[in-house]
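Dear colleague,

Please find below the structure that I am handing over to you. My notes on what was found in it follow directly after it.

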Amino acid sequence: MKLAANANRKEEEEQAWRLYGRKHLKLTNQNSVGFLKEAKKQDCSRNKITKNINMKAVPRTPMRVPKTPRAAPAHTHPEKRRDVSNKQQDPVNVFCRVRPLQSEGDLTCMRVKNTTTIALNSQDQLLHPKQNGAQREIQYIFKHVFQPDSNQQEVFAAVAQPLVENLVRGRNSLLFTYGVTGSGKTYTMTGNARHRGIMPRCLDLLFRTISDYQAKKFVFKPDRLNGFEILSEEDALLERQQEMNQRFAGAGRFGFRRKDSDPEIASQASVEPTPLSVLDEDNMYSVFITYVEMYNNSVYDLLEDTGVQKSLQCKIIREDANHQMFVHGVTEVEVKTVEEALEVFQMGQKRKRMGNTILNAESSRSHSVFNIRLVQAPTDCQGEHVVQDKHTITVSQLSLVDLAGSERSSRTKNTGVRLREAGNINNSLMTLRTCLEYLRENQQLAGNGAAKKIPYRDSKITHMFKNYFDGEGQVSMIVCVNPRIEDYDENMQVMKFAEMTQEVQIARATPMKPDLGLTPGRRKANKLFKIAVNNLNELGIPEAKQLEVDVGLVYSLGPDFPNYQMDTPETECKIQELMQYLEQRIEKRRKLRANMDIKCDNFRQLLMNLDRDNLQLRTELASLKAVYKQERERSAALENKVRIHESSIDVLNNTVSKRERQIQELTQKLSEQDYLLTQKEQEKEKQKKKFNSKLAVESDKNKREFDMKLREQRAKMQERMRIKDEKLRLVSNILQSEDVPSLPRSQSSENLLNDKERGGGGFTARTESSAPATTRTDIYCTPRHGLAAANNRHRRSRSAGDKWLEHRAANPVPLGTIMQPYLKNRKSVTKLTDMKELTGHGANKYCLVSQEADTDGDVETKLYKGNVIPTCGGGAQVVFDDVECLKQKSPVHSPPRKRPSNGNLSASAFGGPLPTSTTGLTSVQDVASRCNLGIEGHSSKKSKM
Ligand SMILES: Nc1ncnc2c1ncn2[C@@H]1O[C@H](COP(=O)(O)OP(=O)(O)OP(=O)(O)O)[C@@H](O)[C@H]1O
């Protein structure tokens, strides 16, 4: 270590000599001090001018050099994601690594044709090449194909080294290994103690590159939101002390005591790669690592400080302010050496879920993501400390992903937990395939047509790397294949996926370096300057103590110092050359200074002009301000007016809305009242109907009672008449026997009596059914037309059968019943206007059909049947002896139907309206009256005769 330090120091000293001239310093110390002073003075004066210009010009002059906006790291620009379409794009770099066969007897299904092409043969093709001659082998082209005998260094150099360069340049990269279980993904990514994989080599190269440019620990501190803060030197020191105390107390960050470097780890870190030359030497760097795994579609932090409770907590993936995906609350460990980084990795590796399967003794059961995050920020103008501005930080990330292998349960014979794991692994790989497939399709559409929604969120692994595919960076994939013939089918799928992935384009990251206007190379110059001052101090030159480090533009002038070796006989000559060179430089500087003086004068002139302009502008501004003030007052007055109007509009609006509300309320009330009114009317209508039906029932009842009384009275009268008749007959017999001339019947006292008794009342119809027509002795008469007596001798001819005269309404309601009245020999009439209607057809039976609506609204058909008996005067009378009632009823109760009016049923039969009663009794009376009319017609006719 000491030797290395000495060697470093020697190199730095030599650089210092090269820069300032050893001989100059050695031979003429005074001169050298003068030279340094001179150089410093010139640079200082130049710097001062620049500073003055900046300081004075910044607030006012538009000529000031605008402060270059801080260029945030490429991946931290929010706008960047939106601009992705305009950026240059690179396809995903797909490499293929063929692992060696496990045993020599194994058959292979693959043939590496050249460094980019691989050919696949099926078992059939291999075993029967002639039969399947027509079937050609399938070829796949990759960016590079690694033969089975390729070593880890080759793979690293071709695949990962460019990604480490990206990392140092501030760009993000993603590298993942993909393949069937046991195909060598973990071997390629991590390797083992003897064959280091990509990850330890990346760390190695990175630390070798940034070794002298690392910031002190804790200068950069993660802010837990995927960003970083810059701590002051003092705060960082405190943190370091705290950490050291913890370490001495026994427990490190991960609950384990840090041992001296593990020999296995040390062996992994022992190879010496050449440092990269892409480093910005004016920046300070820190490396942070995170290590997470995605197991059964859940994210676990493998570096989590679990404390006493041993199990890992499931984490969530979030998007930071710059649309970068990150695992929330993940442990970010700052590491200063490869050994430290590998030690942390090994800690995480122990927690990673591995399993023993038929196809791989140490099979990864989860996808693991090892992130190397490089934080860099520029140093201040002295090149010593980091600029205390967190916006100057650039964070870049290299994500190394070891995907779990796809596996077919038929081959692995997994059961239980392993089977579930395999299901989850296959699902997440399927999501990865789908995402890349959709991405490719969307890119091929190039805005023509609807883009598909890419299901990044379906799996944690795709969700985690969404910003690589949607944003920018570089994506590389190593497809690992096992060339065994048994893996042919699965390899085929892997190859197809690889082929498709190569067509996916990723936007190229273009990080913008923060330009703070500081001198490039200041850090190195500062270092060399310090060495030179030390040398002067060692030589005992007192002025050396007064020298202050000031890094000026001198270091960026012209070419580098030539490299001189001072230990040869030509040294003197070379020193002469060097002096010449330096004199040239001094001359050049003098010229530049003169030039600068002129420029300064010009600039001063310019400033003066500007000042004049400024004065003019100020006067203009003052007058404009006065105008502006007036305008403002006017506009204030107008605004006041507007306010007043607005308030009155508000009041009016309020009134309008109040009125509208009132109208609404009134309308509502009105509609309620309307509703109530309609209800009441309906109620009234109902009541009316009810009342009417009650009234009808009552009047029917009354009529019935009246009829009954009438009938009783009539019976009594008839009885009395019969007695009188008897008496009269006896009297007449007596008279006849005593030769008393007989009186005409029309003048009989009986009639007188009848007339008297009936009091000139209307016609009545006999409806007795008990007394046979043949024995009837009743005589019907009218006061006007005389007697209508039945012919007592009339006999019905039984042999001829009954002849019916059916008297019915003109438009009867169809009965529609199965049972129909049986009237065999009949004639139907609708009117009985003439006596001939009754007698002319030789009818001996009369049937009056009446249809009424009952109280339920059902149609009731009644057939009043009687005998037609010729009267003595040549007319006929009907004696009713039977009533048939036909009624149709609904099996379910139906609401009362609209009844057909009585007029409709009977008016047509009698040529005029009939009583409106709907009861059976009324009907009877109605029938009687109709019949009566019939008789009256006969009587009238008779009287005419
Ligand atoms: N290129 C190679 N050279 C030598 N050995 C190899 C190579 N590739 C893989 N192996 C060996 O094969 C075995 C399986 O490899 P590895 O564990 O890397 O497979 P894997 O693809 O990661 O499997 P899984 O997906 O199940 O985790 C290991 O013992 C490894 O050492």
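Helices (H or I, at least four residues) and strands (E, at least two) are DSSP runs, numbered from the N terminus. This is a predicted model, in which local features need pLDDT of at least 70 and side-chain atom pairs count only at pLDDT 80 or more, while totals for chains, interfaces and linings use all residues. Residues are numbered from 1 along each chain as its sequence is written.

I begin with the ligand. Its shell draws at least two residues from each of helix H7 (185-189) and strand S17 (363-364). H7 provides three residues, the largest share of that shell. Among the 17 residues around the ligand, the nearest are Gly184, Thr186, Tyr187, Ser363 and Gly405; a residue is near a molecule if its C-beta atom, placed from the backbone, lies within 6 Å of it. By class, ten residues of the shell are polar, four are nonpolar and three are charged. Here Ala, Val, Leu, Ile, Met, Phe, Trp, Tyr, Cys and Pro count as nonpolar, Asp, Glu, Lys and Arg as charged, and the others, Gly among them, as polar.

Next, a helix pair. The axes of helix H13 (residues 416-445) and helix H16 (residues 488-501) come within 10 Å, crossing at roughly 35°; axes are lines fitted to C-alpha atoms, for helices over the stretch in contact, and angles run from 0 to 180 degrees between N-to-C directions. From H13, Arg433, Leu436, Glu437 and Arg440 make the contact, and from H16, Phe497, Met500 and Thr501. Two residues are in contact if their C-beta atoms, placed from the backbone, lie within 7 Å. Three of the residues in this contact are nonpolar, three are charged and one is polar.

Strand S24 (residues 804-807) pairs with strand S25 (residues 826-829) in the parallel sense, over four bridges; two strands pair if DSSP finds at least two bridges between them. Within this pair, histidine 807 has valine 829 of S25 as its bridge partner. S24 also runs parallel to strand S26 (residues 845-853), joined to it by four bridges, and tryptophan 804 stands opposite lysine 845 in S26.

Finally, confidence. The protein has a mean pLDDT (the predictor's confidence in each residue, from 0 to 100) of 75, and 69% of its residues reach 70 or more. Residues 740-787 stay under 50 in pLDDT, and the model has 60 contacts beyond four places in sequence for them. For the complex, the predictor gives an ipTM of 0.97 and a pTM of 0.54.

With kind regards
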